[in-house]
Amino acid sequence: MTTAAPATRTRPPGPRNRPFIGNLPEFRRDPPKFLMETARRYGDIAWFKLGPQEAFVLSHPEDIQKVLITHQHNFTKSRMLQRAKVLLGEGLLTSEAPLHTRQRRLVQPAFHRQRLAGYGQTMAEYGTRARERWHDGETLDIDQEMMRLTLAVVAKTLFNADVEAEAGEIGEALTAVLDLFRMVTLPFSELLEKLPVPSTRRFQRAKARLDQTIYRIISERRASGEDRGDLLSMLLMAQDEAGTGGMTDEQIRDEALTLFLAGHETTAVALTWTWYLLSQNPEAAAKFYDEVDRVLAGRQPSVEDMPSLRYTEMVFAESMRLYPPAWSVGRMAKEPYEVRGFTAPAKSILLMSEYVVHRDPRWFPDPDRFDPERWTPEAKASRPKFSYFPFGGGARVCVGEQFAWMEGILLLAAVGQRWRFELVPGHPVGYRALITLRTRHGMKMVAHAR
Ligand code: HEM
């Protein structure tokens with residue numbers, strides 16, 4: 001609901017704000033922890049300032065549903081993602097209606113059921129292929145292995161490109177871009193970006209390398225004029241309903257880079273945490289391996305196996321509950337917005353954190369415990385919608401959600417058929433909340449052949 005003018009200047013409770021900076025340093029040090037402490041201390045609505053920016057933390061599923069669905073037109077994406085335009089241009093993740101509505105219509109068919117089945121085949125093949133490169137007893141950086149694997153999958157399924165050979169180079173460019181990306185989400189970054197400081201130059205160089213790769217793929221495809229039935233072909237062929245034509249190279253680059261980035265890091269992060277959680281929970285691990293062996297009986301997994309890989313799906317769901325790759329969703333109010341008896345003024349940010357809500361004991365008793373049994377159909381039905389929202393919701397819900405479930409389940413099954421991973425003793429485990437909830441120290445694990 002919107003009102004003509006703020007009814008009151010009263011704000012919800014929240015941590016004390018310091019002059020000018022508010023709670024910015026505390027927030028930036030460890031955003032999920034800061035939001036968790038704020039929500040646990042002040043309740044379902046809390047308020048603080050990030051520099052000049054007012055932020056409201058909403059932690060009740062009903063309020064989240066209202067913002068993401070019921071009143072979604074009252075909001076735009078929050079500043080953090082708007083700033084992402086520096087890298088992603090006007091792709092699906094960053095654009096706003098009406099451009100977003102048009103682009104979403106053009107991109108969505110690439111994720112339809114029949115197409116997904118084809119992608120599933122590639123996922124299983126790549127999972128099987130990846131597991132051949134490890135040796136019994138070898139210590140692996142599982143985070144990097146998963147990144148390499150999902151990067152190869154997204155490049156193949158969406159662009160029919162085999163980047164395995166160049167994955168190291170592209171992977172490096174992506175990591176550099178994402179690390180530096182943090183800088184562009186700082187206040188005053190608009191200014192910083194224009195200054196020739198070293199970090200800005202590094203960011204520009206990393207971006208130029210990525211662009212080079214993507215424009216090369218686009219031009220090869222335009223030149224060949226071939227329809228390969230993948231996403232890139234669809235983007236190149238897509239015509240607006242209004243008949244105003246297709247996309248420019250630049251628009252295609254923006255969508256391609258968006259899918260390329262959004263489509264692999266999130267899944268890699270989810271898989272990394274899943275292997276870690278399995279290594280720490282032998283009982284759940286035993287059930288998982290038992291299912292994989294029983295259902296596949298030594299075969300390579302396929303899309304048809306998906307309905308039988310129920311426990312694998314529960315493991316993946318529970319992993320994304322504890323370590324949601326997208327740890328928070330933000331929206332900016334276009335007009336004053338009333339919520340829980342308070343008014344969030346126009347231009348304030350509403351923060352809804354998956355990390356916080358997924359660990360709320362009201363919906364998930366003993367919330368820090370890894371327990372895939374929380375994902376039986378009955379248990380699921382007993383909880384409110386939006387007590388779990390790893391893929392967001394509403395018009396901006398993750399376009400790759402089905403793709404990601406399929407990829408998670410098939411890669412876990414394909415790899416789990418052959419390997420068990422044990423955390424290297426003493427290896428520190430913690431997260432680092434960049435755009436996604438990465439591991440802070442990587443994830444060193446010993447591969448044991450099964
Ligand atoms: C475990 C894996 C993934 C997670 C947790 C995840 C999470 C999310 C979330 C939470 C959003 C909504 C952000 C918001 O509303 O502000 C989103 C949007 C998006 N995701 Fe994903 N995602 C995953 C995998 C993928 C994959 C595999 C692709 C593509 C192949 C993808 C492409 C996108 C795109 C393009 C958007 C923007 C959609 C729009 O605004 O229209 N994601 N994702």
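**View 1. Antiparallel pairing around strand β12.** Over three bridges, strand β4 (residues 139-141) pairs with strand β12 (residues 444-449) in the antiparallel sense. Strands here are DSSP runs of E with at least two residues, helices are runs of H or I with at least four, and both are numbered from the N terminus; two strands pair if DSSP finds at least two bridges between them. Asp141 stands opposite Lys444 of β12. Strand β9 (residues 419-423) also pairs with β12 in the antiparallel sense, over five bridges, and Arg420 has His448 in β12 as its bridge partner.

The model is predicted, with pLDDT of at least 70 needed for local features and 80 or more for side-chain atom pairs, whereas totals for chains, interfaces and linings use all residues. Residues are numbered from 1 along each chain as its sequence is written, and side-chain values use heavy atoms, with hydrogens and water left out.

**View 2. The iron atom of the ligand and Cys398.** Cys398 (SG), at 2.3 Å, is the only protein donor of the iron atom. Donors are N, O and S atoms within 2.8 Å of the metal (3.2 Å for Na, K and Ca); water is not among the atoms, so sites may look incomplete. Cys398 lies in the loop between α18 (377-381) and α19 (401-416).

**View 3. Lining of the second largest pocket.** Among the 25 lining residues, Trp375, Lys380, Tyr388, Glu401 and Trp405 are the closest to the centre of this pocket. Helices α16 (310-322), α18 and α19 each supply at least two lining residues, and α16 gives the most, with four.

Conventions. 1 Å grid on protein atoms, 1.4 Å probe; cavity = no way out; pocket = protein on both sides within 12 Å on 5 of 7 lines; lining within 4 Å.
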